[in-house]
Amino acid sequence: MREFAGLRVSQINGCAACVHGHVEEARKSGESDERIHNVAAWREAPFYSDAERAALALAETATRLADRTGDGVPDPVWDDAADHFDERQLSGLILTIALTNLFNRINVTIREPAGTRW
């Protein structure tokens, strides 16, 4: 699930190096190509659990803060994530989202190419 959150954040931010890295890591952890290739369309694809959907929604919302008016992360998105993850798991998910956004911004700024070893 962590790789899917990182992959989705990297897709939103247009970080080819991070997309490539998250895909490789997801494959290493045994994820199917079907699930990996559909992360961008997770709402429409039938391949994800409710917990994974909550994590992906939180990842998208936390990444697109500037696109929102009002609350950065709306209560329904937060409440859904909190229903599926305990405090420690939520902390890990938030940290994954934040760090991925950080590395995306660095890699996009320096134009790190896809396929670069992490």
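A negative surface patch is formed by Asp50, Asp71, Asp75, Asp79, Asp80 and Asp83. Patches here consist of residues with over 30% relative accessible area and no salt bridge, like charges being joined within 9 Å and nonpolar side chains (Val, Leu, Ile, Met, Phe, Trp, Tyr) within 5 Å. Asp and Glu count as negative and Lys and Arg as positive, with His and the chain ends not counted; the place of a charge is NZ of Lys, CZ of Arg, CG of Asp or CD of Glu. Helix 5 (residues 75-84) gives the most to this patch, with four residues; helices are DSSP runs (H or I, at least four residues), numbered from the N terminus. Asp83 lies in helix 5 and counts as exposed because its relative accessibility is 64% (buried means under 20% relative accessible area, exposed over 50%, partly exposed in between; 1.4 Å probe, protein chains only).

The model is a predicted one, in which local features need pLDDT of at least 70 and side-chain atom pairs count only at pLDDT 80 or more, while totals for chains, interfaces and linings use all residues. Residues are numbered from 1 along each chain as its sequence is written, and side-chain values use heavy atoms, with hydrogens and water left out.

Turning to charge pairs, the count comes to six salt bridges, each defined as a side-chain nitrogen of Lys or Arg within 4 Å of a carboxyl oxygen of Asp or Glu. Glu25 and Lys28 meet in one of them at 3.5 Å, N to O. These two residues are separated by about one helical turn, because they stand three residues apart in helix 2 (residues 16-28). Glu25 is partly exposed at 32% relative accessibility, whereas Lys28 is exposed at 60%.

Arg35 takes part in two of the bridges described here: Glu31 pairs with Arg35 at 2.6 Å between the closest N and O atoms, and Glu52 meets Arg35 at 2.5 Å, N to O. The latter pair links distant parts of the chain, with Glu52 in helix 4 and Arg35 in helix 3 (residues 33-37), 17 residues apart. Arg35 is buried at 15% relative accessibility, as is Glu52 at 11%. A network of salt bridges also links Arg8, Arg43 and Glu60.

Note on methods
Areas by Shrake-Rupley, 256 points an atom, 1.4 Å probe, with all protein chains shown as cover.
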